[in-house]
Amino acid sequence: MRSSYLFTSESVSEGHPDKVADQISDAIVDLFLSKDPEARIACETMTTTQLVVLAGEIRGKGIMDTDGNWAPGVPEEVEKTVRETVKKIGYEQSGFHWETLRFENNLHPQSAHIAQGVDASGNKDEGAGDQGIMFGYAANDTPDLMPATLDYSHKILEKMAADRHSGAAPFLEPDAKSQVTLRYEGSKPVAATAIVVSTQHAPGYDQGEKEAELHAYVKSVVASVIPNELLSDATEYHINPTGSFEIGGPDGDAGLTGRKIIVDTYGGASPHGGGAFSGKDPTKVDRSAAYITRYLAKNIVAAGLAQRCTIQLAYAIGVSKPLSLYVDTHGTGTVGDDKIEEAIQGIEKLGGLTPRAIRTHLGLNKPIYAPTAAYGHFGRKAEGDFFPWEKTDLVEDLKAALA
C-alpha cells in the first residue's frame with residue numbers, strides 16, 4: 001500500500017437525469033414486488049425533455065401474463081408510479097414536469113427461454129438470472145465502513161436535497177453533482193484537497209450577490225459534512241465551475257437506468273463487475289450477489305478480521321452454485337484470505353450463496369428498492385427491512401468459524 005496518495009470519488013443527486021431513471025426503474029420494481037414477491041422484473045427507463053420511456057421484460061401474478069396482457073388497472077398504476085416518482089424528486093419545470101411529461105410503457109413478457117433456466121423445477125434449484133461477476137467492498141474509513149471520498153460526496157448532495165425540499169435553500173434545483181478528493185496517509189484520510197459541487201440553480205444565481213450566496217451556502221454544507229480537521233485554507237473549491245447551471249435534469253441531458261454504477265457502489269475504490277442494480281428483481285445476481293458481497297465484506301471488517309476487504313462472486317445463468325468465491329483483504333487481514341473463504345463457505349445460514357439462499361437470508365423479495373436508487377446502495381443505515389445487507393449480524397459467525 002502506498003504511504004501517501006490522493007483519491008477522488010463523485011456522486012450525483014436524485015435529480016441527475018440518470019438517477020431519475022434509476023429511481024423510476026426501482027419504483028416499478030417495488031410496485032411489482034408488492035403484487036408478487038416472486039415477480040421477474042427487468043425495467044429500463046429513459047428520460048429526456050418532457051418524456052419518460054419504460055422498456056424491459058416482466059413476469060408476475062397480478063401484473064402481466066405470458067401473452068403480454070396486463071392485469072386490470074396495472075398500466076394506470078405504472079404511469080401513476082412514474083409521475084409520483086418525478087414529483088417526489090421535485091421536477092416541475094417547463095422542460096421536465098411530472099404532470100405534463102409524455103409517458104411510454106413498452107414493458108413486455110420475459111423470455112420463456114430465460115425463465116426455464118432460472119426457475120426452480122423438479123430437483124433443479126433456482127438458477128442465477130444471468131452470468132457475471134459481482135464485487136463487494138468495505139473499509140474502515142468511516143463508521144459505515146465505506147470509502148470516505150464517496151461517503152462525503154453522497155452526504156453533501158443529500159444535505160443539499162434536504163434543504164431544497166424543506167425550503168431552506170429555495171434557490172436550488174434538483175440536478176447536482178459533487179466530487180471529493182482526499183489525501184491519504186497509509187489507509188487513513190488526512191486532508192481534503194479539492195471539493196467540486198455543481199448544482200442547478202434558480203435564475204440569477206450565477207452572478208453578483210446571489211452567486212456569492214450560493215457559494216457560501218455550498219461551503220457551509222461541505223463544512224457540515226466533512227470533518228473540520230480535514231478542511232483547511234489549502235482546500236480548493238470548484239463551485240459551478242462552468243458559471244451557469246439553470247438548464248438541468250432530463251431537459252439538459254438524457255438519462256438512462258444503470259449509467260451511474262460507480263456512484264452506486266464504492267466510488268472507484270473497488271472493482272465493479274459491470275452490472276447495474278436498479279430496475280432488477282433480486283433473482284438477478286447483478287443485484288443480489290452485489291448485496292451479499294457487500295454484506296460479507298462489511299462483516300469481515302466489522303469483526304476486526306481486516307481493515308479493508310474486497311470479495312468477488314461469479315455465476316453462470318441458470319446455475320445455482322457460484323462458480324467462485326474470492327476474498328482479498330489487501331494485506332490488512334488478521335488471518336489468511338483463504339481461511340476467510342473457507343469460513344464463509346462453511347457458514348450454514350448462507351446456504352452456499354445460491355441466488356435463492358441470498359434472497360432468503362437478506363429478505364430481498366420485498367418492495368425495498370426505491371430508497372437505494374439515489375445516494376448509493378451501500379453505507380446506508382439498515383432500518384427495518386431497508387438495506388439489510390448493511391447489517392453486521394454475521395460477525396459472531398465469522399469469528400466462531402475462524403476460532
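User: Not counting residues up to four places away in sequence, which residues does Thr81 touch?

Analyst: This is a predicted model, and Thr81 has its place in helix α2. Residues up to four places away in sequence are not counted here; the residues that Thr81 touches are Ala27, Ile28 and Leu31.

User: Is Thr81 buried or exposed?

Analyst: The relative accessibility of Thr81 is 15%. Buried means under 20% relative accessible area. Thr81 therefore counts as buried.

User: How do helices α1 and α2 pack, and is α1 parallel, perpendicular or oblique to α2?

Analyst: Helix α1 covers residues 17-35 and helix α2 covers residues 74-89; their axes are 9 Å apart, at an angle of about 140°. Because angles over 145 degrees count as roughly antiparallel and 65 to 115 as roughly perpendicular, with the rest oblique above that range, α1 is oblique to α2.

User: Is the crossing of α1 and α2 left-handed or right-handed, and what classes of residue make the contact?

Analyst: The crossing of α1 and α2 is right-handed. Residues of α1 including Ile24, Ala27 and Leu31 meet residues of α2, among them Val78, Thr81 and Val82. By class, the contact of α1 with α2 has 11 nonpolar, 3 polar and 2 charged residues.

User: Which residues does UniProt list for "binding site", and how far are they spread in space?

Analyst: An unreviewed UniProt entry lists His16, Asp175, Ala176, Lys177, Asp253, Arg259, Lys260, Ala276 and Lys280. They are spread over 265 residues of sequence, and in space, between C-alpha atoms, up to 25.2 Å.

User: Is Ala176 buried or exposed?

Analyst: Ala176 is found in strand β8, residues 172-185. Leaving aside its neighbours within four places in sequence, Ala176 is in contact with Val12, Ser13, Leu157, Ser198 and Thr199. With a relative accessible area of 5%, Ala176 is buried.

User: Where is Arg259, and how does its accessibility count?

Analyst: Arg259 lies in the loop between β11 and α7. Apart from its neighbours within four places in sequence, Arg259 is in contact with Asp18 and Ala254. Its relative accessibility is 41%, so Arg259 counts as partly exposed.

How values were computed:
Residues numbered from 1 in each chain as written. Predicted model: local features only at pLDDT ≥ 70, side-chain atom pairs only at ≥ 80, totals over all residues. Heavy atoms only, no water. Axes fitted to C-alpha atoms, helices over the stretch in contact; angles between N-to-C directions. Helix = DSSP H or I, 4+ residues; strand = E, 2+ residues; numbered from the N terminus. Parallel < 35°, antiparallel > 145°, perpendicular 65-115°, else oblique. Left-handed = near helix turned anticlockwise from the far one by under 90°. Contact = heavy atoms within 4.5 Å. Nonpolar A, V, L, I, M, F, W, Y, C, P; charged D, E, K, R; others polar. UniProt positions renumbered as here; feature names shortened; annotations may be inferred. Buried < 20%, exposed > 50% of the residue type's maximum accessible area, 1.4 Å probe, protein only.
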